[in-house]
Amino acid sequence: MKLKTQNTLRLISHYPLILLVIFSSYFLYLSYTQYESTLALKNKVESINVLSKLSIELAKERGVSASFYSSQGSIGKDALLEQRLVVNQAIQDFHTYFQSHEVSPHIKTVMTFLTKIVETRQAVDTFSIDFHKMFFNYYSQTNAHIIKEVEGIGSINTNSNISNLTYSLVMLYKNIEHLGQESGFIAKILSQYVPFTDADLNIWVYIFGGSNTFDFTAINNQLARAQIQNLYKSPETTKMEDEIIKAKAEIIKAARSGEYIVDPTLWLKLMS
């Protein structure tokens, strides 16, 4: 089975972002109508917008870095340089925002990680860093601390409806991060054109398990739940889910031979 359209896997990456937009709009509506005077909640929503951009762009750089590194530089060089510029802007926006807002321990940790990004990039360019150290210990750990900061929104005293929505928002961010890890890790294997090792398969299963933390049926807000349910039931989404299952099945089928149908360049392009 070949990926027949460029829109199929592109939808995979856009899908959680569509949900995120829905959540953000409902959350902001509830915040400003019911908690207009709650400055802490307002600031948290603003910081989440900044952190979301940084996290997603770092995840994209992680994925392209995985393909570039694993192919010894033959795949994704131009795309990696372009993505690094986007990340640089997101980092600048991050620092600009937190120059005038409270810096929590998690934000301090993120700042420390970001001071090492030039060093990490140079190590990727020269293939002088262990893949797992680059992929999991640097990029994924940076995003882990960003998500920890986002989780802090649940500690703000609100009513049950907003608490329910903020919990779902955090679960969605975790889902997006695990989808990003899965995309980048598979790109690494596809770029090497080698069979999966048992360790690779175990990592994939572990990452995939973490990408199923979001359950829209647990949302209390009926309108938000209905809109998300409509997305799930749409013909486009149904077709997309079928293509995802088939694509992953084909990768698993070729896992022992390394004869993958999905080209790593196309995979990264469609998943970003």
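These questions and answers go through a predicted model, from the chain as a whole to one of its pockets.

Colleague: How many helices and how many strands does the protein chain have?

Modeller: Along the sequence, the pattern reads α-α-α-α-α-α-α-α-α-α-α. The count for the protein chain is therefore 11 helices and zero strands, where a helix needs at least four residues.

Colleague: What percentage of the residues in the protein chain is buried?

Modeller: A residue counts as buried when its relative accessible area is under 20%. The protein chain has 272 residues, and the buried share of them is 50%.

Colleague: Among contacts between residues at least 6 apart in sequence, what share joins residues at least 24 apart?

Modeller: A contact here means heavy atoms within 4.5 Å. Of the contacts in the protein chain that span at least 6 positions in sequence, the share joining residues at least 24 apart is 79%.

Colleague: Which helix gives the most residues to the lining of the second largest pocket?

Modeller: The second largest pocket holds about 390 Å³ of space. Its lining has 15 residues, and those closest to the centre are Ser 140, Gln 141, Ala 144, His 178 and Gln 181. Helices H6 (131-151), H7 (160-192) and H8 (198-210) each give two or more residues to this lining. With eight residues, the helix that gives the most is H6.

Colleague: How many residues of that lining are charged?

Modeller: Asp, Glu, Lys and Arg count as charged. The lining of the second largest pocket has six nonpolar and five polar residues, and its charged residues number four.

How values were computed:
Residues numbered from 1 in each chain as written. Predicted model: local features only at pLDDT ≥ 70, side-chain atom pairs only at ≥ 80, totals over all residues. Heavy atoms only, no water. 1 Å grid on protein atoms, 1.4 Å probe; cavity = no way out; pocket = protein on both sides within 12 Å on 5 of 7 lines; lining within 4 Å. Points joined across faces, edges and corners; volume = space filled by probe spheres on them. Buried < 20%, exposed > 50% of the residue type's maximum accessible area, 1.4 Å probe, protein only.
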